[in-house]
Structures are given as C-alpha cells and as structure tokens.
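Colleague: I have not looked at this one before. Can we go through it together?
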Amino acid sequence: MSNTRAEAAYQRSVLAFKDPTLDLLHGRYAPFVVAMLSIVFTAERRSVAVPDAHAEIGEALEELRAAGYDEDERRLPAGTAREICRSWVRVGWLAPQLEDDVEVYRLTAHAVGALEIAGRTGGGRARVSRSRVRTLLDAVERLARDAESDPEARIALLREERDALDAEIARLRNDEAEPVDDEQLLEEAENILHLARELPADFSRVAESIKAMQRDVVADLRRDIRPTGEILREYLQRGRHVMQSTPEGRAFEGALRLIGDPEHIDRLATQLRTLLAQPFSRLMGTAQRSDLDSIGRQVEKGVQDVLTAQRRASQVITAQVRTHDPIRDRQVDELLRGVMSGLHVWMQSSRPTDRVEPLHTFPVADIGHLRQSLSDLRPQGAPAPLPAPDDVEFVDADTRAWGGPRYAELEEYVATLGDRFDLATAFEGAADDTRRPVDLLGLLEIAHRNGMTESDDVSVAEARRPDGSSRRFAFGAVTARTVKEPEND
C-alpha cells in the first residue's frame, strides 16, 4: 500500500522546485546569476537598457575570469554577456520590455524573490524577537476583529483598545512610561526590514499577473469566433477594469488605498528619516540603514510599476479590440502555416550549403489572355464634327432659353447705353429675350465688374420668363459705368 502523505508531500516538493525562483537558487551557476542581477538591478534602478546590461555583465564576467574564478566549470558560464542574458530571458529571470522606444531588461517576480531569499540568507536570519511576535499577535487580533460579525462583540473589542490607549496616554502624562531601550528599537527596525524585503517581489508579481492576463486576453481574442459586438463589449470591459481581473490585482487595489495617496508616501519618507536620526540607528549596519532609507522609494516605485502595467494592458487590449479582424488573422495564420509546411518539405531535401533567395516584392499576376489591341487595321482619326447650332432642331420650344444669363447679348446692349446708366432703366429697355430674371443677375454682374454706385432709392424692374409669365423685383437703385474704369498705378 502506497504512502499517500509521502507521495503528496513529494509531489508538492517537485512542483515547488520547478518554480523559476528555486531553479535560480539551485542552478548550476546560481552564485554568478545572483551576483550579477544584484549589482545590475537595484532599488533605484529597476530597469536597465539592454546594451548597458550586456556591457556591465560582460565587464564583470571578464574581471571574474581574470581573477581565476572560472577554474571550476560550475562557477562561471561560457559565452558572451548577450548570450547569457538571452538564456536568463528564456528561463524566466529577465523580462525584456520597451520603455520610450528603448528595449530594457527588468527582473521578473521570480528573480526578485530569489534575490530577496539570497539577501536574507547572506545577511543572517531574523531573530524571534518581541517585535516580530507582536506583529504576529497584532495581525491575528486585527483579523479576528474584522471577521467578527456580532456588532456588540466588535464594540467591546474597540472599547478595550480605547481603554488601553487611554491608559497609555495617562502614563505618558504622569511620566510613568518607561523609555524603550535601543535594543528593542533595533529589533523593531529589523522586523520592518524583514517585512519590506517582500514588497519588491509582491509588486513584480502583481505587474506580471496583469501582463499575463493581457496576453491571455489577446490570445483569446484572436481565437474567438463569436460575434464582433459581443467581443467588443466583453474585452473593452476587461480592458477598463483590468485590475479586478486577477487575484493579485484585486489584492493590490486594497493595498493601494493605504499607500496610493502621495501624502502617505511623503509621511512614510519623513518617518523613515526621523528614525535614521534617532540614537538607536547607530547600532544598525550601513546596509541596514540604506535599506531602511530606501523603503519609501521602493513602495513608490512599486506602485508606479503596477499602475504602468495596468495602463499599458488597458491600451493594448483596447487597441487589439479596435483593430480585430478575424478574416485577416485567419489569412495570416494560413500564410504562416503554409510557410512552415514549405520549410519542412524543403528541409527534407536541401543541403547545408543551399540558399534561399529572399522575396523582396510580392509577385504580380500574369494575365495572358488580356487583349492588348482592338485588331482594327484602320488608322486612328478624329471623330466626326458636331452639327452647327443652326442645324439643331428643337421640339416645341428652345430649352436654351431656361439657361444662364446671355452675357454676349447683354454686353453688346450695355455698350450702347452711354457712359453711365441706371440698372433698372437699362433692364426695362432691353430686348425681350434678355429680360429674364437670370439676365437681371447677369446685368448686375456686368455693372459690378465695370464699377457701380448704390443709393438709398428703391428701383423696381419687371422680368419676363421664357413661358411668358412675369415677375417684379425691387432692389437698391444702382448707377453703373459702361466701361470699366482703369486702375491708377
């Protein structure tokens, strides 16, 4: 009979050691990886440009090899810094990203957790102190109070807490409170450092969970065959509320209510500076003082990283939804599958020295049956001339009479009116075929072109339509010139 407890424990252990965090710490070149990641990435330098990271790691690798640390094949990896970094990307320790059109490396949550474990181990284990036990008891008490559903019981707990605070205030007013010794303050500071070491990995896990959700959404969108309207509603909703889409994101939103306010960050930084000015801080090492001073910056930077990941995921999801084209995606997939199939066939018969000519442009369809000429032996010539206007026969009436102004006839008529003329009088004396309403506009246009003077008097003119009907128009009196006045230089 098999031991199910032993099997379950062994399976849990095997699963845990498959995690990239433990893989980093138990890998072949674990000391070198931890050392390089810890000097390249710091609390103030969360992302590093790819060329800079390659240069720094390459320089450190040369120094270690020159110092003789590559005698053992397990100490230093072979290859260039670029090859080493690319291998770290493959195993999940580094994450390449684009920031302001620059490719950078960032530590993954697994790498951050591994560095924190290595840092705690190298710096000694935290002691079982009064501060750590009090933190545990306070957390349990707060959980019990929040989980209590009976209002009277919660009121009783709050009253006990208030009585304890009143008693503490009374002791301080009566000078009965004993000052806290430096050893106890040092223990509490070490406990704060222990708690703060978990924050970078926690922030990184939240950001990575949002990015993983973004990748899943985009992949599901490309595979989705549902109606486009349904896809738009669902994915735009997830894009707007990306923080609630993951357990880590929902937990971070709760913490953000405490640390998201800039005033809280400023208060935290002020309190840390005050603590470093206290006498007990002299008992702390240089590294401890530096870690304590950087807690505020780590919190602020972690919040910015998570909010940046949230904003970027929302933008990517929204852009993917707006540009989603299932037909085009299927065509691209079919093209890629055809290329892979062709490469597979070619690889079976090709030799190592064979070359593939790249396709610079897409081929043009060759339509062989398209007619190139009309097969007409007669030379090209001009078309037959149109008949003269006098030869045109009109049915019932000349439809040209309903056209625009007769400018030629009007200009000939205006030339006979002397130096100046009144527009209304001139229109009344025109021939019947140039007294249409549209001819009144044409005469006004000629008058405006040659120069005219308007007055406050009102002129009335009667126009005749081609069908014999008439219409009266009233307008401001206009005196116009027959010939356009020359312009003075």
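Modeller: A definition to begin with: two strands pair if DSSP finds at least two bridges between them. Keep in mind that this is a predicted model.

Colleague: Which residue is the bridge partner of L94 in strand 3?

Modeller: L107 is the bridge partner of L94. The strands concerned are strand 2, residues 94–99, and strand 3, residues 102–107.

Colleague: In what sense do strand 2 and strand 3 pair, and over how many bridges?

Modeller: They pair in the antiparallel sense, over six bridges.

Colleague: And how many residues sit between the strands of that hairpin?

Modeller: Two residues. In this hairpin D100 takes a positive phi near 55°.

Colleague: Is T108 buried or exposed?

Modeller: T108 is buried: its relative accessible area is 7%, and the cut-off for buried is under 20%.

Colleague: What does T108 touch, leaving out residues up to four places away in sequence?

Modeller: T108 touches G92, W93, L94 and A95, and also S204 and E208. With G92 there is a further detail: a polar atom of the T108 side chain lies 2.7 Å from the backbone oxygen of G92.

Colleague: How far apart are T108 and A201?

Modeller: In sequence, 93 residues; in space, 8.2 Å from C-alpha to C-alpha.

Colleague: Change of topic. Which helix does H54 lie in?

Modeller: Helix 4, which runs over residues 50–66.

Colleague: Why does H54 count as buried?

Modeller: Because its relative accessibility is 14%, and buried means under 20%.

Colleague: Which side chain does the side chain of H54 make a polar contact with?

Modeller: That of Y105, at 3.0 Å. Leaving out residues up to four places away in sequence, H54 touches A81, R82 and C85 as well as Y105.

Colleague: Now the whole protein chain. How many helices and strands does the secondary structure come to?

Modeller: There are 19 helices and six strands. The protein chain has 489 residues, and 26% of them count as buried.

Colleague: What does the accessible surface of the protein chain come to?

Modeller: About 34,300 Å², with 53% of that belonging to carbon and sulfur atoms.

Colleague: Of the contacts between residues at least 6 apart in sequence, what percentage join residues at least 24 apart?

Modeller: In the protein chain, 67% of those contacts do.

Note on methods: Residues are numbered from 1 along each chain as its sequence is written. This is a predicted model: local features need pLDDT of at least 70, side-chain atom pairs count only at pLDDT 80 or more; totals for chains, interfaces and linings use all residues. Side-chain values use heavy atoms; hydrogens and water are left out. Helices (H or I, at least four residues) and strands (E, at least two) are DSSP runs, numbered from the N terminus. Buried means under 20% relative accessible area, exposed over 50%, partly exposed in between (1.4 Å probe, protein chains only). Contact means heavy atoms within 4.5 Å. Accessible areas come from the Shrake-Rupley method with a 1.4 Å probe; for residues, only the protein chains shown count as cover. A polar contact is a pair of N or O atoms within 3.5 Å; within protein, one must be able to donate a hydrogen and the other to accept it, and residues adjacent in sequence count only if both atoms are side-chain atoms.
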